[in-house]
Amino acid sequence: MDHYIVLTPQSSIKGTKMNRVERIGVSLDKKLLTKFDKLIGEQGYQSRSEAIRDLVRRQLSAERLRHPKSKAVAAVFLVYDHHSTKLTEKLIDLQHMHILASSLQVISSLHVHLDEHNCLEVIVLRGRVGEINKVAESILSMKGVKLGRINVVAS
Ligand code: NI
């Protein structure tokens, strides 16, 4: 038996222009719907509509990120040993270099001294996907970086 899901309108903020909302129906077999309900329940969703809206947004964002020219923001996480030769200075130089660049900007950075040796740094970048990936990869491949991760979202 098919189950029917209706996407309900998003709440609007008073005084802002409300997007026109379309209601659509989605047919799913019971087994798939049961799995979906279990998953979104575990993730803390209050409604199927909210979960489906997020899935759609995530997919659209992922699609935009496939294009190197898309605008995006990114957080680069790295753990490094601050005793590593000149890594700290290299990281600072690289960030200063991009602060005034028109196409790629370092918006912010956060530094946490984890222990005697290790530092966690989060560098937030804004620019085109292609440039972000290039700079982020050059950061993560620096000698002395122990762990790294890039999180990019389309903006
Ligand atoms: Ni530190």
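Modeller: Let's start with Leu91, which counts as buried because it has 22 C-beta neighbours inside 10 Å. (Buried means 20 or more other C-beta atoms within 10 Å of the residue's own, exposed means 12 or fewer, and partly exposed is in between, with C-beta atoms placed from the backbone.) Before going on, a caveat: this is a predicted model, so local features need pLDDT of at least 70 and side-chain atom pairs count only at pLDDT 80 or more, while totals for chains, interfaces and linings use all residues. Residue numbers run from 1 along each chain as its sequence is written.

Leu91 sits in helix α3, residues 87-99. (Helices are DSSP runs of H or I with at least four residues, strands are runs of E with at least two, and both are numbered from the N terminus.) Leaving out neighbours within four places in sequence, Leu91 is in contact with Glu121 and Ile139; a contact means that the two C-beta atoms, placed from the backbone, lie within 7 Å. Leu91 also has Ile123 at 9.7 Å, C-alpha to C-alpha, though the two are 32 residues apart in sequence.

Ile139 takes us to the core. The largest nonpolar core has 15 residues, and Ile139 is listed among those with the most contacts inside it, along with Ala74, Val76, Leu125, Ile132 and Ala136. (A nonpolar core here is a set of buried Ala, Val, Leu, Ile, Met, Phe, Trp, Tyr and Cys residues joined through C-beta atoms within 7 Å.) Two or more residues of this core come from each of β3 (71-81), β5 (118-128) and α4 (129-140). As general background, nonpolar side chains in soluble globular proteins tend to be buried together.

Val106 stands opposite Leu125 in β5.

Now α4 itself. Its buried residues include Val129, Ile132, Val135, Ala136 and Ile139. They sit on the same side of α4, because they cover an arc of only 135° around the axis, where the arc is that of the directions from the helix axis to the C-beta atoms. Glu137 and Ser138, on the other side of α4, are exposed. The length checks out too: at 1.5 Å a residue the 12 residues of α4 should span 16 Å, and its end C-alpha atoms are 16 Å apart, so the two agree. (The expected span is 1.5 Å times one less than the number of residues.)

Glu131 is also in α4, but it counts as partly exposed because it has 18 C-beta neighbours inside 10 Å. Beyond residues up to four places away in sequence, Glu131 touches Ser103 and Leu104. Its C-alpha atom is 9.9 Å from that of Lys71, although 60 residues along the chain separate them.

Next, the sheet. Four strands form an open sheet in the order β4-β5-β3-β6, with antiparallel pairing; strands pair if DSSP finds at least two bridges between them. The edges are β4 (105-113) and β6 (145-154), each with a single partner strand, so one side of each has no neighbour in the sheet. From one strand to the next, the twist averages 15°. (Axes are lines fitted to C-alpha atoms, for helices over the stretch in contact, and angles run from 0 to 180 degrees between N-to-C directions.)

β4 and β5 pair over eight bridges and form a hairpin with four residues between them. β3 and β5 are joined by 11 bridges, and Asp81 stands opposite Asn118 in β5. Helix α2 (residues 48-65) lies across β3 and β6, at about 110° to β6. α4 packs on the sheet as well, touching β3, β5 and β6, and its direction makes about 160° with that of β5.

Finally, the wider setting. The protein has four helices and six strands, running β-β-α-α-β-α-β-β-α-β from the N terminus. Of its 155 residues, 11% count as buried.
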